[in-house]
Amino acid sequence: MSDLVTFGEAMLRLSPPRGRRLSRADCLDVAVGGAESNVAAAVAALGADATWLSALPRSPLGERVLHALRGEGVDPEVVRTDDGRVGTYYFEHGSAPRDPTVVYDRAGTPIRSLEPAELPQSVVRTAEMFLASGITPALSDPAARTTEALLATAAGAGVTTAFDVNYRSKLWSEREAERTLTDLFEHVDVLFVAERDGRRVFGIEGDAEDIARQLAGAYGLEQVVVTRGEAGALAVDDGATHEQAAFETETVDPVGSGDALVGGYLARRLAGGDVPDALAWGVATAALKRTTEGDMASVPAEAVRSLVSSDDGGGIDR
């Protein structure tokens, strides 16, 4: 039995050295990343048991992904296939005024055709929490159906379900995302959404609190956490609003910081923390992740606890 089970795709991240353009690169750094596997890694680093469900080909690159997740303390429950490939994405670091650039190469990966029956349902039913994100249903219709089936299985077993909208404009349109994701919300207890996605995907005007309250009211969600980048995060839970300011950080690598926030939040809830406490842990975990290279947050609980107890961030309950 795992504290947290996640479902999604992990990829190889290939990055040229800082200051080099991808089109001129003659060497690439390799890392492993994916929204749901990143969350599992953050939760494991903070002391909880985490399992990642997915599909990978039987290949050296598939083994590279498994090696990375196991090294972070995550238990992979993976369907191995004889065909398909490991997806990759290319990340070019940015430096103002040049923005970072992402190029996906993820067609033909086995998760796109994965059916619910191929995955161990008992792992989902016996978890404390189950998490999926909006990236997986964007990959294919079968991936969308499997995501919904796993959420429904978890909800039917009394497992707390969490979902991160994680909108990716390179995978689908805003309207496609809204139609598909809102159908999933009946199975979701805790929703994470970036403030910008609340506006562009769900068409909600107003501030972060407006977004949280409208989504909670429209879809019967127990908790809605709105991430706000440099402004921190906000949560609406049982009618109460909680805010957490960002912690000052020197950014080395921003990729995966949103996943780290989700992981820190869920890890603290699993440890018995209340919503304001979890919000502080989520924002602190994201801040600490930004100080390290790679997608995954290898952040010890002691470092998060120390940052939360410092005076660098402040929460507001009302």
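**Entry 1: Phe192 and the cores**

I started at Phe192. Setting aside neighbours within four places in sequence, I find Phe192 in contact with Ala162, Phe163, Asp164, Val165, Val225, Val262, Tyr265 and Leu266. I note that this is a predicted model.

Next I looked up the nonpolar cores. The largest holds 50 residues. Phe192 is among those with the most contacts inside it, together with Val32, Val43, Val65, Tyr265 and Leu266. Which element gives the most to this core? It is H9, with eight residues. I also found a second, separate core, of 44 residues. Trp172, Ala177, Leu215 and Val226 are included there.

**Entry 2: H8 against H9**

H8 covers residues 257-270 and helix H9 covers residues 275-289. I read a packing angle of about 145 degrees, with the axes 7 Å apart. The crossing of H8 past H9 is right-handed.

I listed the contact from both sides.

**Entry 3: strand S8**

I turned to strand S8, residues 129-133. Is S8 mostly covered or open? It is mostly covered, and five of its five residues are buried. I checked the faces separately. Met129, Leu131 and Ser133 lie on one side, Phe130 and Ala132 on the other, and all are buried.

Then I looked at the partners of S8. Strand S1 (residues 4-7) pairs with S8 in the parallel sense, over three bridges. There I see Thr6 opposite Leu131. Strand S9 (residues 160-164) also pairs with S8 in the parallel sense, over five bridges. In that pairing Ser133 stands opposite Asp164. Asp164 was already in my notes as a contact of Phe192.

**Entry 4: the four-stranded sheet**

I traced an open sheet of four strands, in the order S3-S2-S6-S7, with mixed pairing. Why is one side of S3 and of S7 left without a neighbour in the sheet? Strand S3 (29-33) and strand S7 (101-105) stand at the edges with a single partner strand each, so one side of each has no neighbour there. From one strand to the next the twist averages 25 degrees.

I followed S2 (residues 11-15) to S3. The two run antiparallel, joined by five bridges. Met11 stands opposite Gly33 in S3. Helix H2 (residues 60-71) packs on this sheet and touches S2 and S3. I read about 70 degrees between the direction of H2 and that of S3.

**Entry 5: backbone checks**

I searched for a cis peptide bond and logged one between Ala96 and Pro97, with omega about 10 degrees. Pro97 sits in the loop between strand S6 (88-92) and S7.

Asn166 has phi of about 45 degrees. I place Asn166 in the loop between S9 and helix H5 (174-184). Asp238 has phi near 50 degrees. I place Asp238 in the loop between strand S12 (233-237) and strand S13 (240-244).

Are these two buried or exposed? Asn166 is buried, at a relative accessible area of 11%. Asp238 is exposed, at 74%.

Notes. Residues are numbered from 1 along each chain as its sequence is written. This is a predicted model: local features need pLDDT of at least 70, side-chain atom pairs count only at pLDDT 80 or more; totals for chains, interfaces and linings use all residues. Side-chain values use heavy atoms; hydrogens and water are left out. Axes are lines fitted to C-alpha atoms, for helices over the stretch in contact, and angles run from 0 to 180 degrees between N-to-C directions. A crossing is left-handed if the near helix is turned anticlockwise from the far one by less than a right angle, and right-handed if clockwise. A nonpolar core is a set of buried Ala, Val, Leu, Ile, Met, Phe, Trp, Tyr and Cys residues joined through side-chain atoms within 4.5 Å. Buried means under 20% relative accessible area, exposed over 50%, partly exposed in between (1.4 Å probe, protein chains only). Contact means heavy atoms within 4.5 Å. Two strands pair if DSSP finds at least two bridges between them.
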